[in-house]
Amino acid sequence: MNFDVKNLPTPCYVTDEKLLRENLEILKYVQEKSGARILLAQKAFSMYSTYPLIAEYLCGTTASGIYEARLGYEEMGKPFGKETHVFSPAYKEEDMRELVKYCDHIVFNSFPQWEKFRETVKSSGRNITCGIRVNPEYSEIETDIYNPCFENSRLGTTLANFDENALDGIDGLHFHTMCEQNSDTLERTVAVFEEKFGKYLHRMKWVNFGGGHHITRKDYDVEKLIEVVRRVKEKYGVEVYLEPGEAVALNAGFLVTEVLEVMKNGMDIAILDTSAACHMPDVLEMPYRPNVIGAGKAGEKAHTYRFGGPTCLAGDIIGDYSFDEPLKVGDRLVFCDMSIYSMVKNNTFNGMPLPAIVYARENGTTEIIREFTYDDFRSRL
């Protein structure tokens, strides 16, 4: 860690500029070697105070809704001349009238959606390129809630519903079938995609391989990714987009918390000032057990504790951790990999204050970007 936890408010999210830049350097290498254009998927990481740094490396942002699109445009697209992309399973008419002001690329989930809004796009007076999201009906994701290709999925147009006679004005195809996976999964997915939709790529200007690529993970096969991208570019003469979210800020962020109480009920329990339900909801949704600096698995070290949040939810449990020394009230703990899917998904259930947002700079200083108050809680209600 490049910061002192004792000098920070708790709870707080800390994004480390040095670690973030290390990820961006890897993504820059992929772009340079493959020719891919890489976008930040804001659904995973939208800390826009980092966008000036990200803009040094990536080609723009992609959004899943109207506010993300506006954020990407205002914080990266307009000031840095970067691209702004958006996809939604269905658009509201009033939103589309706004989106055409912000977006360079708009991806539609179906041909009826494209037909509904094509005149809005054409009459915008802007050079907007449009695409169709397809569902290749192939995915290696085992958990249905994260699988865009599970049975009866609403995401993307299947081959049976693909209307090759309605491609006039469509410049690209988009698929998203992955979640935290390696490039060998992409290689197999692209093979299925080509078998079903490859004949249409010769008519396209671009193809978007979506997100879910864990490019900055230590065991990720970057060279295979480069090979897959280059082959598709050369074979079809298209631009290739990648839109990772997690990979941009993977392992570049932390959540600092304080022990409020230590108690015992069959085992030692530590109540923290951070909540799984409110501040790291993926811990319950995925579910998974985030790492804590200096801690081991239950029973691995001398003193094991179950971490719980301060809410009324009985299941607000973060996990079991062990330590060499007993925990005491006031101890600071640091959860790892907390920049992604945390700030974007947190909530104020039970009136819990939201964690502060901190930027740990490469020069060793820390900048408190935002602290939240009662007014932030009240204004949502």
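Reader: Why does Leu-284 count as partly exposed?

Author: The relative accessibility of Leu-284 is 35%, and the scale calls a residue buried under 20% relative accessible area, exposed over 50% and partly exposed in between, judged with a 1.4 Å probe and protein chains only. Since 35% falls in between, Leu-284 is partly exposed. This residue lies in helix H10, residues 282-285, where helices (H or I, at least four residues) and strands (E, at least two) are DSSP runs, numbered from the N terminus.

Please keep in mind that this is a predicted model, in which local features need pLDDT of at least 70 and side-chain atom pairs count only at pLDDT 80 or more, while totals for chains, interfaces and linings use all residues. Residues are numbered from 1 along each chain as its sequence is written, and side-chain values use heavy atoms, with hydrogens and water left out.

Reader: What makes Leu-284, Leu-313 and Phe-349 a patch?

Author: Together they form a nonpolar patch on the surface with about 230 Å² of accessible area, a value that comes from the Shrake-Rupley method with a 1.4 Å probe, with only the protein chains shown counting as cover for residues. A patch takes residues with over 30% relative accessible area and no salt bridge, joining like charges within 9 Å and nonpolar side chains (Val, Leu, Ile, Met, Phe, Trp, Tyr) within 5 Å. Leu-284, at 35%, passes the 30% cut-off, and Leu and Phe are both among the nonpolar side chains.

Reader: How do you know that Glu-56 forms a salt bridge with Arg-21?

Author: The closest N and O atoms of Glu-56 and Arg-21 are 3.5 Å apart, and the word asks for a side-chain nitrogen of Lys or Arg within 4 Å of a carboxyl oxygen of Asp or Glu, so this pair qualifies. Glu-56 lies in the loop between helix H2 (51-55) and strand S3 (60-63), whereas Arg-21 lies in helix H1 (residues 17-34), so the pair ties together parts 35 residues apart in sequence. Glu-56 is exposed because its relative accessible area is 54%, while Arg-21, at 21%, is partly exposed. A search of the whole structure finds 30 salt bridges.

Reader: What makes Lys-205 and Asp-171 a salt bridge?

Author: Their closest N and O atoms are 3.9 Å apart, which is within 4 Å, and so the pair is counted. Lys-205 sits in the loop between H6 and strand S8 (206-208) and Asp-171 in strand S7 (residues 170-174), so that the link joins distant parts of the chain, 34 residues apart.

Reader: What makes the peptide bond from Thr-10 to Pro-11 stand out?

Author: This bond is cis, with omega near -10 degrees, and Pro-11 lies in the segment before strand S1 (12-16). Another cis bond runs from Met-286 to Pro-287, with omega near -15 degrees. Most residues other than glycine have a negative phi, and most peptide bonds are trans.

Reader: What is the phi of Glu-180?

Author: Glu-180 has a positive phi of about 55 degrees although it is not a glycine, and its place is in the loop between S7 and H6. Tyr-341, in the loop between S14 and S15, likewise has a positive phi, near 50 degrees.
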